[in-house]
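Please find below a colleague's note on the structure shown here.

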Amino acid sequence: MRHWIVSLIVALMGLGFSSESYGQELKTQTIEQRAQHLQEAPALAIPHEEFIPAGEDGLVLLRRPKLFAIESNSSYQFTDNAFLSDKQKTHDHVLSQSVLVRAGTRIAQRVEVFASGSGFISRYRLNPGLDFNGVTGSAGASMPLDRWVLSLRYDGSAIYDRNFNAHLVTLHTLEFNVSATVGVSRTAVLYPFFSVLRVWANPDDFSNTALAAGGTLMHSFTPTLAAFLQGHVESKFYDDFFEPSTLEARHDYGARLSATLNWVPLEWMTVNVTAAIARNESTISTLRYTNALVFPSLQLFFRF
Amino acid sequence: MQVNRHDRRCARSFILLLGLLALIHSERALAQSNEPAQAATQELELRRTDLNRPVPLLELEKTLAESSILVMMPKGETLSFYDVSIGTLARSDFLLRATPEVLVAAVLSGEIQVNGETAEAGEAIAWPAGAGDIEVVEFDAGKFLAASRLELRPDTKAHLEAVAQWQERLKFWGLLEQAHFNRTAPFKDGDEDSARQRYLRNPVVLHLIRQHPEAELLRRGVAEAFVEALRTRDAQAIEWLISPLLFVDDPDQLRDPEWAVARQDFAFLIMIDHWDTPLADATLESTDEASSWIVRSSTQQYRLWLEPFDGMIFVTAFEPIDEGDGGAAE
């Protein structure tokens, strides 16, 4: 039933319907991407330079690792395009909070496996109708192959409106990623990557297949302070995005550039300040947008 | 005739055989009777592992800065060094290793105790530098058995082999991993351990780092140690306290051992200047600058300059202050 309502609204949007209802329904149309943008708050941490005391006597110390972690991520985001549409560009201030529980280990000293679960809320100050809550479960594995790292991960997200009254979308994402580590200088490292993603969604209008490629350049100023420059391009092919209404297949392609300053004042605390700009082109005109973001975030870790 | 000769030969062989058996029996009995006596009289024994030579107890700290040491210690004894004490709950063999970041006692057999924490074979007690608490960790028994040139007793070796098998299983599932001790090193790659060893692994520096967990205390400790080394004309201590950076243009050049020879020569030149008399009654005074101290004696004032490098604080200059220049260094 909701599918038909949304389809009707999308059709009306295509006909240039009133901007108020237009904005009301854009919140549904773009929930998938808004949720993705908020979850892109960087989870970066400077790799610690560590000393392994081994020597001529072959004495290598071993320790029981901490396999579990609880992580809190708080962020404030200023966005100049809350609805993610150039046709109704309005800024907003978004507060987000997520709590994540994670378990992981490294099998055969080679294959990293993990599982995690999290809950998150996002609150828009000027457009509270865009508020959403959600839960996510993830599992994945990665392994090095020569100088590359291959990883496969599954993310399942269920996103609801502000009061959990309405289910907005459920996304099941399977991602295959290839990345590498390239030393640029004594203090700079480049991490290029390529990803293939398949998303199964409910409603199935959001189901898509995506290709993404990009890289992160990290420059370390001190052992606890680093800057990251990230860029990636992405192309998404939607299976059936309200096609009976829009009369055309949806194909998005976009690019995102961001710069992050990353500070690790304590072993269990990371502070990031990120500025990002994203451009999305779409075969559906209402879903074309440019979005500039600034968001500081605070991550707290507790490992056990 | 031939039969008689054969009988005599047989009788002689029989008597010889009996004598041999009696000798073996008596040797074994003697050995058995000696075992408890040896065990009872076993004393503390220290051996440096690189040269497999005994180490006198008084040279434990000095030698530990150069090499790992195998300690064989009877039950109920206590061994103290670098401000730590190790007690034995059973006759124990353990390996000591000191780096600027961590001091380690790895138990090969027996059981040791430190501050109420105990470690058995396959385990190690680690004292991280600074104010860090001691940690009971494990050491990789498999890697140790593969790399060590120590002659281990068969039961010790068998026990460590069993520990190694169990550790392999834990390592496979990621339940055991290499222990890391954070540090800030001036080198990013290469043979940094040997380069750092030249300026950090010596008893004076290790002692100062371990005794002074905070930078302010370490600064004072280095200043006092340097003045004392001048006063006692201890060229070795003077050498170890002088900054290695004075002899290179870039920290990367510390990989080349030539700088150490230059520092040794420089320390000798300082020592022959006879600082013992002018500094006989010297006292230290802090200044507004964290990097310098005033050394005041009845005849002259001096300024001592210090500079932190790689977790240690080294001496960079020691110079007289001219009368009437307001304390400015020359």
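This is a predicted model: local features need pLDDT of at least 70, side-chain atom pairs count only at pLDDT 80 or more; totals for chains, interfaces and linings use all residues.

The note takes up chain A, the sheets, the cores, selected elements of chain B and some backbone details in turn.

1. Chain A in outline. The secondary structure of chain A amounts to four helices and 15 strands. Of the 304 residues in this chain, 26% are buried. Among contacts in chain A with a separation of 6 or more, 57% join residues 24 or more positions apart.

2. Paired strands in chain A. Strand 7 (residues 148–161) and strand 8 (residues 167–180) of chain A are antiparallel and are joined over 13 bridges. Within this pairing, Arg153(A) has Glu175(A) of strand 8 as its bridge partner. The hairpin formed by strand 7 and strand 8 of chain A has five residues between the strands, and Phe164(A) in that hairpin adopts a positive phi near 60°. Strand 8 of chain A also pairs with strand 10 (residues 188–202) of chain A, again in the antiparallel sense, over ten bridges. Here Leu171(A) stands opposite Ala201(A) of strand 10.

3. Which order do the strands of the nine-stranded open sheet follow? The order is 2(B)-1(B)-3(B)-6(B)-7(B)-10(B)-11(B)-2(A)-12(B), and the pairing is antiparallel. At the edges are strand 2 (53–54) and strand 12 (177–178) of chain B, each of which pairs on one side only. Strand 1 (residues 45–48) of chain B is joined to strand 2 of chain B over two bridges, and Arg47(B) has Pro54(B) in strand 2 as its bridge partner. Helix 4 (residues 154–172) of chain B lies across strand 2 (61–63) of chain A and across strand 6 (92–98), strand 7 (102–109) and strand 11 (135–139) of chain B. This helix runs at about 115° to strand 7 of chain B.

4. The four-stranded sheet of chain B. A further open sheet has the order 14-15-16-17 in chain B, with antiparallel pairing. Its edge strands are strand 14 (283–286) and strand 17 (312–320), and the twist averages 30° from one strand to the next. Strand 14 pairs with strand 15 (residues 292–296) of chain B over four bridges; Thr283(B) stands opposite Arg296(B) in strand 15.

5. The nonpolar cores. The largest nonpolar core contains 69 residues, of which Ala106(B), Ala124(B), Phe226(B) and Leu241(B) touch the most other members. Helix 7 (residues 215–231) of chain B supplies the largest share of this core, eight residues. Why is the core said to lie between domain 1 (45–172) and domain 2 (192–320) of chain B? Both domains give residues to the core, so it lies between them. Apart from this core lies another of seven residues, including Phe83(A), Leu84(A), Tyr124(A) and Leu130(A). In soluble globular proteins, nonpolar side chains tend to be buried together.

6. Helix 7 of chain B. This helix has 17 residues and reaches 24 Å from its first C-alpha to its last, close to the 24 Å expected. Its buried residues include Leu218(B), Val222(B), Phe226(B) and Leu230(B). The buried residues of helix 7 pack against helix 6, helix 8 (235–241), strand 14, strand 15, strand 16 (301–309) and strand 17 of chain B. Leaving aside neighbours within four places in sequence, Phe226(B) is in contact with Leu241(B), Leu304(B) and Val315(B). After the helix comes Arg233(B), with a positive phi near 55°.

7. Val205(B). This residue is placed in helix 6 (residues 203–211) of chain B. Val205(B) counts as buried because 22 C-beta neighbours are found inside 10 Å. Beyond its neighbours within four places in sequence, Val205(B) is in contact with Leu200(B), Trp240(B) and Met312(B). Val205(B) and Leu241(B) are 36 residues apart in sequence, and their C-alpha atoms are 7.3 Å apart in space.

8. Backbone details to inspect. The peptide bond from Asn202(A) to Pro203(A) is cis, with omega near 5°; Pro203(A) lies in the loop between strand 10 and strand 11 (208–222) of chain A. Is Asp83(B) buried or exposed? Asp83(B) is exposed, with 10 other C-beta atoms within 10 Å, and its phi is positive, near 65°. Asp310(B), in the loop between strand 16 and strand 17 of chain B, has a positive phi near 55°. Asp310(B) counts as buried because it has 20 C-beta neighbours inside 10 Å.

How values were computed
Residues are numbered from 1 along each chain as its sequence is written. Chains are lettered from A and ligands numbered from 1 in the order in which they are written. A residue is buried if 20 or more other C-beta atoms lie within 10 Å of its own, exposed if 12 or fewer, and partly exposed in between; C-beta atoms are placed from the backbone. Two residues are in contact if their C-beta atoms, placed from the backbone, lie within 7 Å. A nonpolar core is a set of buried Ala, Val, Leu, Ile, Met, Phe, Trp, Tyr and Cys residues joined through C-beta atoms within 7 Å. Domain bounds come from an automatic or database domain assignment. Two strands pair if DSSP finds at least two bridges between them. Axes are lines fitted to C-alpha atoms, for helices over the stretch in contact, and angles run from 0 to 180 degrees between N-to-C directions. The expected span of a helix is 1.5 Å times one less than its number of residues.
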